[in-house]
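Please open the model in your viewer and keep the selection tool at hand.

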Amino acid sequence: MPELTKTPVETEVPETGALAAAEPVREKARSLWQDAWRDLRRNPVFIISGLLITFLVVIAIWPGLIASGDPGDCDLAHSLQGSAAGHPFGFDQQGCDVYTRTVFGARASITVGVLATLGSAVLGGVLGGLAGFFGGWWDTLLSRLADVFFGIPILLGGLVFLSLVGGSLWSVITFIVLLGWPQVARIARGAVVTVKQQDYVQAARALGAGSTRMMLRHVLPNAVAPVIVVSTIALGTYISLEATLSFLGVGLRPPTVSWGIDISSASSSFRNAPHMLLYPAGALSITVLAFILLGDAVRDALDPKLR
Amino acid sequence: MGRYVIRRLLQMIPVFIGTTLLIFIMVYALGDPVSALFGDRAPDPATAAQIRHDLHLDEPLWKQYLLYMAGIFTGNFGTAFNGQPVTELMRTAFPITVRLTIVAILIEAVFGVLLGVVSGLRRRGWVDTAVLVLTLVVVSVPTFVTGYLLQLLLGVRWGVAPATVSAEAPFNELIVPGLVLAAVSLAYVTRLTRTTVAENARADYVRTAVAKGLPRHRVVGRHLLRNSLIPVVTFLGTDIGALMGGALVTERIFNIHGVGYQLYQGILRQNSPTVVGFVTILVIIFLIANLLVDLLYAVLDPRIRYA
């Protein structure tokens with residue numbers, strides 16, 4: 001597993017040092033990040049979901065590793081046939097190999113999930129963090145703007161927006177970022193407001209630290225944990241949302257291979273050939289489950305109240 | 001309390017305007033509704049101009065929006081392009097979706113609270129573990145997959161419930177669709193109830209109730225449950241709006257001609273008055289549900305007082 005996050009820990013030393021001094025001396029002083037990483041390494045849920053996600057990411061990058069065929073290589077003669085030698089998942093309506101398509105479908109889901117999460121985390125984190133840090137009219141404006149985006153039913157917004165700009169990988173990611181950032185912004189704003197009132201930030205201000213230095217050295221490292229937690233949990237739901245939009249016919253479009261599209265086209269002959277739907281649906285569910293489990297584990301590790 | 005309600009109502013106005021304006025702009029930017037009206041035929045320019053003038057489509061966008069809003073407050077939601085008043089479509093669609101939402105909310109409330117209380121009281125027991133795993137699975141499987149699976153198993157294979165819903169959509173036909181719609185929220189309600197019940201079970205007042213010799217059902221029913229249900233009620237309230245807007249997928253699978261169906265059709269056929277009208281109503285429902293939840297909070301928890 002790659003390391004979760006590399007964050008400078010020097011900024012935390014005074015605080016954790018003070019905390020550790022009150023406890024028995026044997027316990028070595030650790031920052032929140034070191035503590036969280038130690039917790040995670042021991043958590044079986046994290047190990048299982050981590051392995052699964054590593055596998056999925058590898059498959060998304062090099063699908064050829066476990067599927068030698070081409071997802072567009074279809075033979076109508078095999079239409080709707082069940083599993084056969086070399087084709088364990090059977091064939092779909094067009095006679096395409098369901099196994100190959102299921103493997104190749106990982107790429108779209110993982111790409112949308114990861115990029116949309118990064119986008120909404122950065123956008124929401126920056127906007128929400130600035131609102132919490134500076135307050136005032138910018139804060140009010142941003143909160144109302146977030147309310148507006150919250151008021152739009154997600155699927156309806158997706159239908160309207162995507163039929164307007166056309167469905168593609170980038171438009172789906174843009175849409176998810178547009179509707180996803182307010183959630184992150186709220187969390188980031190709350191975290192920054194809390195951190196800003198801490199004594200060590202006040203002390204830094206008293207020592208004459210400028211806004212930039214305060215933000216980057218004191219507030220950011222201590223307010224970023226909740227943003228990471230909410231983003232990790234959101235990743236799974238974003239993947240599910242992409243599949244739902246593709247299922248409704250406004251998300252990704254063929255020839256992009258996507259589980260949502262495959263499930264949608266499988267739905268018409270589902271009653272006679274359920275295998276066509278069950279395999280991509282299973283892959284989709286396992287992917288979403290893996291990211292939700294990862295989010296749970298990260299939350300448990302980063303929320304000191306639960307320790 | 002009165003002042004709080006007034007302040008909240010005033011805060012709702014900019015959110016309402018922002019959301020409807022956003023949808024209005026997106027829907028009207030979808031394309032030229034007049035040429036969509038004529039299908040593949042090129043419209044006669046004079047006729048098209050006449051229609052545009054009658055529908056105020058030749059006015060600037062902000063004026064169209066103001067005219068539209070003025071219409072709404074006099075109960076006129078405009079006419080769908082097939083000549084049917086939008087209010088007439090609403091009269092048939094909304095009762096169906098409201099019935100579906102009622103079924104879903106009831107399922108969520110009854111089963112969610114029941115499972116949550118049982119697993120919260122027996123933490124780390126086998127019931128608790130089973131419920132936790134089950135909720136994780138339910139959250140991970142996207143709604144459209146749950147929908148097709150239940151439709152195939154209950155409706156087609158075993159014949160326990162109707163596979164599709166008739167035009168009148170009576171309550172008994174809506175049980176399976178309601179379950180599908182409720183599934184994800186049901187899992188959240190269960191987890192929420194479980195957490196709060198487990199937390200409150202350690203509270204002093206519960207220990208007092210046990211110590212003074214109250215029977216178990218009274219301790220759980222009157223003391224523990226009442227205090228644990230506050231966050232659950234909040235969740236259920238905010239979920240009403242989300243369910244009504246999110247019923248789209250469920251309605252499509254079970255062929256229910258409710259709000260989601262009309263909206264989907266409206267977007268596909270660029271039927272702007274239908275889309276904007278329905279979304280406006282959904283936004284109003286969402287905002288009012290949120291307000292009611294906040295007010296209910298103060299009633300349920302006497303510690304919260306709004307100035």
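A salt bridge, as the term is used on this tour, is a side-chain nitrogen of Lys or Arg within 4 Å of a carboxyl oxygen of Asp or Glu. The model you are looking at is predicted, and a search of the whole of it finds six salt bridges over all chains.

Begin in chain A by selecting Arg101(A) and Asp262(A), whose side chains meet in a salt bridge with an N to O distance of 3.1 Å. The pair links distant parts of the chain, since Arg101(A) belongs to helix H4 (residues 98–134) of chain A and Asp262(A) to helix H10 (residues 259–266) of chain A, 161 residues apart. Both Arg101(A) and Asp262(A) are buried.

Next, select Asp139(A) together with Arg189(A), which form a salt bridge whose closest N and O atoms are 2.6 Å apart. Because Asp139(A) sits in helix H5 (residues 136–151) of chain A and Arg189(A) in helix H7 (residues 169–196) of chain A, the pair ties together parts that are 50 residues apart in sequence. Asp139(A), at 12% relative accessibility, counts as buried, whereas Arg189(A), at 29%, counts as partly exposed.

Now turn to the boundary between the chains, and select Asp296(A) and Arg191(B), whose side chains meet in a salt bridge at 3.6 Å, N to O. Asp296(A) lies in helix H11 (residues 275–302) of chain A and Arg191(B) in helix H8 (residues 175–200) of chain B, so this pair joins two chains. Asp296(A) counts as buried at 13% relative accessibility, while Arg191(B) counts as partly exposed at 25%.

Then widen the selection to the interface itself, where 39 residues of chain B are in contact with 36 residues of chain A. The two chains bury about 3300 Å² between them, 80% of it on carbon and sulfur atoms. Highlight Met26(B), Phe144(B) and Tyr148(B), which supply 18% of the area that chain B buries against chain A, more than any other three residues.

Finally, across this interface, two residue pairs are found in polar contact. Several helices of chain B each supply at least two residues of the side that touches chain A, among them helix H1 (2–29), helix H10 (216–253) and helix H12 (272–300). The largest share, 10 residues, comes from H1(B).

Methods:
Residues are numbered from 1 along each chain as its sequence is written. Chains are lettered from A and ligands numbered from 1 in the order in which they are written. This is a predicted model: local features need pLDDT of at least 70, side-chain atom pairs count only at pLDDT 80 or more; totals for chains, interfaces and linings use all residues. Side-chain values use heavy atoms; hydrogens and water are left out. Contact means heavy atoms within 4.5 Å. Buried area is the accessible area (1.4 Å probe) that two parts lose on being put together, summed over both. A polar contact is a pair of N or O atoms within 3.5 Å; within protein, one must be able to donate a hydrogen and the other to accept it, and residues adjacent in sequence count only if both atoms are side-chain atoms. Helices (H or I, at least four residues) and strands (E, at least two) are DSSP runs, numbered from the N terminus. Buried means under 20% relative accessible area, exposed over 50%, partly exposed in between (1.4 Å probe, protein chains only).
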